[in-house]
Amino acid sequence: MIEAVGRALDRRLGMARFVREAMNHVFPDHWSFMIGEIALYAFAILVITGIYLALFFNASDAEVVYHGSYHALDGLRMSAAYESSLHLSFGVPAGLLIRQMHHWAADIFIAAIVAHLARIFFTAAYRRPRELNWLIGLTLLVLAVGNGFFGYSLLGDLLSGAGLRVGYAILLSIPVAGPWLAFLVFGGTVPANGMTPHMYAMHVVVIPALISLLLGIHLAIIWRQRHTNYPGPGRTNRTIVGSRLWPSYAAKSLGLFFLVFGVIAMMGGLFQIDPVWIYGPYNPVAIIPGAQPDWYLGWVEGAIRLFPGVNLHLGHWLVPELFFPGLLFPALVFLALYLWPFFAETLSLDDRQHHVLLLPWQQPFNTAFGCAVFMFLLVLLVAGADDFIAVMTDSSVVTLRTLLRILVFVIPALTFVVVYWLCLRRRARHAQDKVADEAQSTVPQERPQAGEGPSLGFTVRVRPD
Amino acid sequence: MSDKPVDPGDARAAEETGAKKEPSLTRDLARLGASLWHFAGAMVSIGADLLETARNVEQKVDALTSPLPADEPGIDGPIAPPAETDRDSDRDLGPASAPARLRRLRWGTAFAFSAFAAAIVAGIGFICFYWTRGTNEQLGVTLAIALGGTGCALVFYARWLIRPTEAIEPRPELSSAEEERAAIAHTYRSAAEDTHRRTLLQWMGAMTVGVLAAGVVSLLRSLGSNPDQTLYSRVWKHGERLMTIDSNPLTIHSLDTGGTAIVFPESSVGSEKTQTVLIRVNPDLLQLPSARSDWAPLGYLAYSRVCTHAGCAVGMYEAEQNLLLCPCHQSTFDVLRGAVPTSGPAARPLPQLPLYADSDGTLRAGGGFSEPTGPGFWGIDD
């Protein structure tokens with residue numbers, strides 16, 4: 001049956017050669033190579049669940065009075081968007097499951113992209129010829145974060161309203177063009193009619209289309225260039241070592257898809273996320289203490305909180321305090337990430353092609369620097385919830401914030417020193433082992449004879465420290 | 001297969017007539033029985049294997065410890081890439097001995113079968129829960145087991161039931177041959193030579209594209225209004241009464257010292273941008289700038305409730321310290337000194353509204369806010 005279809009297709013399209021090559025395609029076996037796949041599959045799950053949600057969601061700012069199945073909010077004024085998300089959560093069987101799966105999948109999608117980015121960074125996989133895919137991958141991260149923000153801002157609840165106000169204020173703070181940009185994106189001051197339809201079009205059409213396009217290019221480039229290999233026997237710049245696409249890699253990868261799907265279904269079923277009915281509908285006068293964005297924007301939130309209240313006056317023009325941590329800082333972080341492969345290439349005077357990865361300890365500066373930046377962002381992420389921590393630890397926000405303003409620089413500095421030292425130590429030990437191994441292979445050593453002792457199947461190496 | 005319940009007699013009759021390809025329940029049941037029998041056999045032999053494995057620890061350790069990785073390879077590794085891409089050269093990573101192979105097969109069968117079976121049962125459970133309006137937890141867990149079971153089964157196949165091999169292939173040369181590039185350059189140039197009026201095409205073409213692009217971008221203008229009209233608004237007009245959200249006017253008797261209220265100008269009650277916080281403090285404590293000395297009759301102060309930092313509602317008031325607090329980023333504003341920021345990320349004071357009480361004690365705005373409200377922007381000081 002499959003053979004008959006294949007033959008019929010091949011007569012018309014002549015794809016036997018490509019399919020044969022594809023089935024023989026070699027993929028390296030290493031767990032860290034699955035992180036990118038998890039991101040890919042999370043995106044597929046986002047599309048699947050998102051299509052289902054789109055069948056029920058009403059992206060409208062029109063004001064309605066609620067009389068639905070969630071009686072606690074009966075008679076309240078709310079947007080039609082919020083009403084439809086309540087209906088989706090309480091009136092549609094399995095609607096809440098799909099909605100929570102969609103939200104969890106988004107968080108996992110972005111987490112997997114970040115972990116994938118870290119894997120690429122710490123193994124120097126971005127080196128020539130893979131700079132292009134580094135740039136595309138980063139763009140995918142930006143798009144994913146943006147779409148995550150639009151996604152949870154659509155629902156018209158009080159929390160997303162707070163997030164939108166901050167988003168509007170950040171856009172408004174851009175020098176010169178800010179007011180125009182803010183009014184074009186949000187259709188006026190928040191909350192304005194038209195904002196939700198704008199975001200909805202971005203969330204379900206524009207950004208997913210861009211992500212699909214770039215993801216396709218990302219995969220096509222990987223397909224063309226082949227994966228990198230971790231260092232090991234037989235792994236050189238001229239070879240690729242691993243398992244074939246058909247059948248073993250296909251089974252593994254498809255299995256991973258179902259596993260990711262299963263985990264997301266489990267989370268959607270058991271762990272509550274974004275309970276909009278608890279927040280209540282958006283109301284300009286109401287406040288929501290302890291409001292935080294989703295984790296992937298938490299580091300920007302932290303920067304906004306820690307940055308001192310300093311305005312920049314240029315003549316009679318103003319650059320508001322929010323611009324620096326809210327927009328300039330994340331822009332600089334991403335600019336640095338975009339430029340990193342070219343910076344590293346220039347710094348190491350190495351523009352050769354590399355297909356064998358470096359281990360983190362083989363590049364002490366990069367590893368230490370990467371860890372320091374990671375810790376910097378982590379402290380900011382913690383700072384994004386400082387009011388929460390202050391309440392839990394019964395301390396004052398002002399004191400905690402002063403402490404965090406110090407820690408945000410001290411912890412990365414310490415991290416850099418410690419990681420750099422660890423890498424150097426590991427490298428020295430490796431060099432020692434190498435010398436010892438060479439000595440062992442040239443000078444015949446007395447080896448235990450078979451039968452002298454129990455053979456464990458591996459050699460125990462005593463390292464002189 | 002038909003939905004009607006099949007009588008075993010009918011099925012046997014069908015078999016007797018020799019219609020071998022007709023679907024039959026008995027044969028399916030027989031096959032299922034055989035599968036279960038095989039499965040049971042696999043489980044039994046796994047038990048035996050467990051006992052046997054205890055005696056084969058040494059062999060297992062051998063199999064589990066792969067050779068230590070060699071040192072970093074140079075540009076040219078020690079192993080020359082094989083010339084062919086066929087699978088014949090793939091290295092078999094599976095165990096060499098027949099019993100070990102059999103053991104893999106049995107374990108794999110048992111695990112894959114169990115995982116698929118769990119997935120099928122959970123999948124049926126999911127459907128049942130869906131139709132009977134099960135809880136979110138029931139739906140989620142059954143769906144998770146159905147999907148996860150399928151995933152596990154596939155992974156078990158890859159792990160045990162597909163021959164494990166390691167392929168070593170030469171990498172393709174990424175850059176093209178110089179001749180190929182030269183050929184493309186030649187084609188491109190010759191095509192250019194065959195085209196007349198190339199400069200016209202370049203300039204007029206570029207201009208056309210530019211104009212079209214500008215036209216398309218212009219369409220975006222329809223998305224929003226002109227910001228100037230609303231951003232600079234001082235919101236209140238002279239003489240407007242201070243209204244609660246229920247449109248009740250406030251008077252000098254409305255608040256006690258330390259009390260607060262959310263008020264709006266009577267022309268736009270309930271709007272985001274016009275929300276104003278009214279506070280009554282002890283007038284002796286006031287430290288307002290001298291120009292604002294008459295803005296606070298009887299200690300009534302009014303400030304914009306939209307934070308100058310990021311636009312949240314400045315919704316909390318600490319009467320003891322006379323501080324307004326924004327719950328979003330914890331900026332605090334000193335009410336007594338014209339709401340200047342005292343801590344947190346805000347840099348600009350909350351705009352203040354001049355107040356006066358008319359002859360019958362109703363509170364009214366003495367003009368607009370001292371500055372445009374809300375978060376800062378490029379031209380706010382104009």
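This is a predicted model: local features need pLDDT of at least 70, side-chain atom pairs count only at pLDDT 80 or more; totals for chains, interfaces and linings use all residues.

Colleague: Okay, start with the contact between the chains. How many residues come from chain A and from chain B?

Modeller: Chain A brings 88 residues to the contact and chain B brings 81. On the chain B side, the elements that each supply at least two residues are α3 (57-64), α5 (136-161), β2 (165-170), α8 (228-231) and β10 (340-343).

Colleague: Which of those gives the most?

Modeller: That's α5(B), with 15 residues on the side of chain B that touches chain A.

Colleague: And what kinds of residues are on that side of chain B?

Modeller: There are 42 nonpolar, 23 polar and 16 charged residues on the side of chain B that touches chain A.

Colleague: You mentioned β2 of chain B. Which strand of chain A is β2(B) joined to?

Modeller: β2(B) is joined to strand β4 of chain A, residues 239-244, by four bridges, and the two run antiparallel. If you want a pair to look up, A:T239 has B:P170 in β2(B) as its bridge partner.

Colleague: Switching topic: how is chain A divided into domains?

Modeller: Chain A has domain 1, made of 18-285 + 316-325, and domain 2, which covers 359-438. Their C-alpha centres lie 28 Å apart.

Colleague: How many residues of each are in contact?

Modeller: Five residues of domain 1 of chain A are in contact with six of domain 2 of chain A. On the domain 1 side that touches domain 2, four residues are nonpolar, one is polar and none is charged.

Colleague: Now helices. What's the span of α4 in chain B?

Modeller: Helix α4 of chain B, residues 98-131, has 34 residues and reaches 49 Å from its first C-alpha to its last. That is close to the 50 Å expected at 1.5 Å a residue.

Colleague: Which residues in α4(B) are buried?

Modeller: Among them are B:A115, B:A119, B:A122, B:F126 and B:F129. B:R103 and B:R106 are buried in α4(B) too.

Colleague: Why would residues three or four places apart point the same way?

Modeller: An α-helix has 3.6 residues a turn, so residues with that spacing point the same way.

Colleague: What is B:I380 in contact with, leaving aside neighbours within four places in sequence?

Modeller: B:I380 is in contact with A:L318 and B:P372, once those neighbours are left aside.

Colleague: Last topic, sheets. What's the strand order in the open sheet of four strands in chain B?

Modeller: The order is β7-β8-β9-β10, with antiparallel pairing. β7 (316-318) and β10 of chain B stand at the edges with a single partner strand each, so one side of each has no neighbour in the sheet. The twist averages 35° from one strand to the next.

Colleague: How many bridges join β7(B) to β8(B)?

Modeller: Three bridges join β7(B) to β8(B), residues 323-325. Within that pairing, B:E318 stands opposite B:L323 in β8(B).

Colleague: And what does β4(B) pair with?

Modeller: β4(B) pairs with strand β5 of chain B, residues 276-280, in the antiparallel sense over four bridges. β4(B), residues 260-265, also pairs with β3 of chain B, residues 242-243, over two bridges.

Definitions and conventions:
Residues are numbered from 1 along each chain as its sequence is written. Chains are lettered from A and ligands numbered from 1 in the order in which they are written. Two residues are in contact if their C-beta atoms, placed from the backbone, lie within 7 Å. Ala, Val, Leu, Ile, Met, Phe, Trp, Tyr, Cys and Pro count as nonpolar, Asp, Glu, Lys and Arg as charged, and the others, Gly among them, as polar. Two strands pair if DSSP finds at least two bridges between them. Domain bounds come from an automatic or database domain assignment. The expected span of a helix is 1.5 Å times one less than its number of residues. A residue is buried if 20 or more other C-beta atoms lie within 10 Å of its own, exposed if 12 or fewer, and partly exposed in between; C-beta atoms are placed from the backbone. Axes are lines fitted to C-alpha atoms, for helices over the stretch in contact, and angles run from 0 to 180 degrees between N-to-C directions.
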